Amino acid sequence: MTQSNMISFQKFLDALPEEYDNYKPELEIAINNKMATHNDGNLRRWMKLLDNPFTQITDHKLLDQSWVSVGKQTDLNEQDTHTLDTYIQGLMPWRKGPFELFDKKIDTEWRSDFKWERIVNQLGDLSHLNILDVGCGNGYHCLRMKAAGAKTVMGIDPAWLSVCQFQLINHFLQEPTVSVLPFTLEEIPQNLNLFDMTFSMGVLYHRRSPLDHIAHLHSTLKTGGTLVLETMVIDGQLGEVLVPEGRYAQMNNIWFLPSVPTLISWCKKMGFEDVQCIDLNQTSTDEQRSTEFKPGTSLQDYLDPTNPDLTIEGHPAPKRATLIAKKSSGRLKRYA
Ligand SMILES: Nc1ncnc2c1ncn2[C@@H]1O[C@H](C[S@+](CC[C@H]([NH3+])C(=O)[O-])CC(=O)[O-])[C@@H](O)[C@H]1O
């Protein structure tokens with residue numbers, strides 16, 4: 001991958017604190033390999049787009065609010081205003097947010113702030129924590145974690161569009177201790193034992209081996225660290241799981257939707273303790289809907305028009321639980 005004005009992970013690597021010392025050389029190689037071997041035609045287009053010079057740096061940053069914001073329209077000349085519009089249009093669709101760049105509102109498909117507001121007060125103090133956010137999308141929650149005091153936030157997401165959206169936003173925000181890196185969880189080494197807190201929100205149901213996902217999350221954490229796990233669930237007892245035949249809410253990559261007691265038992269089985277459900281919420285069409293920045297279909301098109309508690313395939317409508325859990329400080333009770 002050639003160099004780009006805007007796409008760079010170097011500032012993040014340079015800003016990593018000593019806790020990352022053992023991992024940093026390997027991480028740097030993995031990033032370089034990823035950039036050298038990507039085979040994504042769209043990425044070349046997005047990189048070209050982001051290569052237009054736009055150096056506006058601003059002091060006006062508001063991360064600790066629903067609309068993560070940077071800059072004021074009055075900071076921009078006409079040329080910059082036009083360039084910013086081409087960036088935003090060129091990086092559509094915008095799924096996670098919302099954001100406001102120089103007073104230009106990017107109303108995203110998801111009001112990701114709703115999820116954050118439901119859980120933030122139950123996470124404890126994030127000050128000085130090194131955090132991993134697995135499947136972080138364009139890094140909206142990573143920025144909210146930073147605003148809540150995190151020392152570093154390493155987001156990972158395999159979708160290059162998400163990586164590019166974050167690079168655009170962070171070009172203006174200039175937060176060196178937050179990044180979205182182009183990795184799946186499976187590309188993160190096992191047994192890092194590095195992070196104080198690991199989030200996996202909206203990823204587990206995409207995995208065909210959910211227990212392996214939880215075990216891998218466990219191995220990212222240092223002893224005593226906290227997992228925040230959010231996924232779609234069904235109502236039901238211990239042992240109940242829905243494995244939808246065919247599509248679920250039109251998605252063809254949904255595998256396991258456990259009941260909350262089942263999900264808790266999976267976490268315990270993988271070595272977590274103090275597992276608690278801190279939120280249970282049926283997704284509303286206020287939280288997920290199509291917008292100017294993500295046109296086309298969205299949640300309301302995936303629900304039964306006569307019964308919003310069912311998907312159009314007849315499954316229970318999307319309901320999400322968030323669990324928090326501790327990596328045991330005692331002997332690991334995990335079943336290998
Ligand atoms: N194996 C994987 N490893 C890492 N990421 C993955 C993997 N597979 C898919 N993803 C990524 O996980 C994200 C799931 S979206 C949640 C975003 C945010 N967390 C949110 O809570 O709003 C969920 C949703 O919208 O349904 C996508 O960005 C994928 O690219």
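Thr-297 is exposed in this predicted model, because 10 other C-beta atoms lie within 10 Å, and a residue counts as exposed if 12 or fewer do so. The loop that holds Thr-297 runs between strand E14 (272–282) and helix H10 (299–302). Although Thr-297 and Glu-109 stand 188 residues apart along the chain, 9.8 Å separates their C-alpha atoms.

**The sheet**

Strand E14 belongs to an open sheet of seven strands, ordered E9-E8-E7-E10-E11-E17-E14, in which the pairing is mixed. At the edges are strand E9 (178–181) and E14, each of which pairs on one side only. From one strand to the next, the twist averages 15°.

Strands of a sheet pair through backbone hydrogen bonds, and the pairing is either parallel or antiparallel. E14 and strand E17 (residues 319–327) run antiparallel and are joined by eight bridges. Opposite Asn-281 stands Arg-320 in E17.

**Helices on the sheet**

| Helix | Strands | Angle to E14 |
|---|---|---|
| H5 (residues 112–119) | lies across E10 (195–201), E14 and E17 | about 130° |
| H9 (residues 260–269) | touches E11 (221–232), E14 and E17 | about 150° |

**The ligand**

Which residues are the closest to the ligand? They are Gly-135, Gly-137, Thr-184, Met-201 and Gly-202, within a surrounding set of 20 residues.

Notes
Residues numbered from 1 in each chain as written. Predicted model: local features only at pLDDT ≥ 70, side-chain atom pairs only at ≥ 80, totals over all residues. Near = placed C-beta within 6 Å. Helix = DSSP H or I, 4+ residues; strand = E, 2+ residues; numbered from the N terminus. Buried ≥ 20, exposed ≤ 12 C-beta atoms within 10 Å, placed from the backbone. Pairing = 2+ DSSP bridges. Axes fitted to C-alpha atoms, helices over the stretch in contact; angles between N-to-C directions. Contact = placed C-beta atoms within 7 Å.
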